[in-house]
Amino acid sequence: MSIDILLETIDVTRRFGGLVANRDVSIRVHRGEILGLIGPNGAGKSTLFNLIAGAYLPTSGSIRFDGRDITELPATRRCALGIARTYQVPRSFDSMTVLENVMVGGFVRHASSKAARLAALQVLDFTGLSRTAGTLTGELTPPEKRRLEVARALATEPKLLLLDEVLTGLTPSEAQLGVELIRRVRDAGITVVMVEHVMQIVMPLVDRAIVLNLGTVLASGSPADVVRDPAVISAYLGT
Ligand code: ADP
Ligand code: MG
């Protein structure tokens with residue numbers, strides 16, 4: 001049985017002036033999995049998300065998604081093809097209600113307000129935000145804002161969902177709710193790549209893990225293998 005590859009980066013390098021944020025990064029995301037992308041601060045995790053989602057173009061290398069080369073495509077085209085992402089710093093529109101925010105995502109698939117609204121309401125139900133539909137986003141609690149980021153991304157009806165530190169900073173019980181939501185997303189048939197720098201949160205949840213350090217892939221494999229890898233241990237301990 002061959003593995004179904006949904007996303008592949010091939011020798012992707014991204015420079016910012018003299019700084020190499022990603023160097024020859026080659027990763028594969030299997031359709032249907034939850035993949036953990038971990039690594040210390042500054043490892044290049046968010047940069048890789050930006051390259052996959054199309055916010056930045058790579059300096060060199062290529063990216064394939066769902067059977068096609070997307071290296072040069074603008075972010076809006078990638079979103080239409082089924083790549084959605086959240087931002088490490090939530091980017092909701094504070095003066096809009098939760099429902100209106102999620103409708104912004106819904107308009108990617110639905111031309112009419114009525115259809116976008118209906119789709120957004122379903123996503124609010126799925127993400128447990130229905131009670132906040134009419135709340136101004138600026139009035140949400142921090143964990144609700146994280147959940148809204150996920151909801152807006154889901155409203156674009158993605159094949160691939162990129163989550164950038166959506167569990168970071170949550171209390172253990174809030175993080176547990178987040179973990180349950182991510183599992184339900186995967187069970188709904190959406191492939192998930194999640195960035196976290198705290199290994200304890202991600203490892204029980206992910207099917208596989210890839211560790212980035214100083215812009216390059218340090219290790220990849222099952223969570224159990226990755227946490228035992230001497231190179232990973234020393235990168236985390238800074239030795
Ligand atoms: P991580 O998400 O793993 O913490 P980032 O991808 O945010 O890491 O950053 C990797 C490196 O690239 C860091 O040294 C960061 O300062 C640098 N970097 C990221 N984005 C930019 C940018 N737009 N301009 C300049 N440097 C950047
Ligand atoms: Mg980051």
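Okay, ligand 1 to start: around it sit Phe16, Leu19, Ala21, Gly39, Asn41, Gly42, Ala43, Gly44, Lys45, Ser46 and Thr47, counting a residue as near if its C-beta atom, placed from the backbone, lies within 6 Å. Two elements, β2 (19–30) and α1 (45–53), each give two or more residues to that shell, and α1 gives the most, with three. Helices here are DSSP runs of H or I, at least four residues, and strands are E runs of at least two, numbered from the N terminus. By class, the shell has four nonpolar, six polar and one charged residues; Ala, Val, Leu, Ile, Met, Phe, Trp, Tyr, Cys and Pro count as nonpolar, Asp, Glu, Lys and Arg as charged, and the others, Gly among them, as polar.

Quick caveat: this is a predicted model, where local features need pLDDT of at least 70, side-chain atom pairs count only at pLDDT 80 or more, and totals for chains, interfaces and linings use all residues. Residues are numbered from 1 along each chain as its sequence is written, with chains lettered from A and ligands numbered from 1 in the order in which they are written.

Next, domains. The assignment, automatic or from a database, gives domain 1 (1–82 + 160–239) and domain 2 (92–157). Their centres, over C-alpha atoms, are 24 Å apart. Each domain puts nine residues into the contact, meaning C-beta atoms, placed from the backbone, within 7 Å. On the domain 1 side, α2 (75–81), β7 (160–164) and α6 (172–187) give two or more residues each, and α6 gives the most, with three. That side has eight nonpolar residues, no polar ones and one charged.

Terms used
Contact = placed C-beta atoms within 7 Å.
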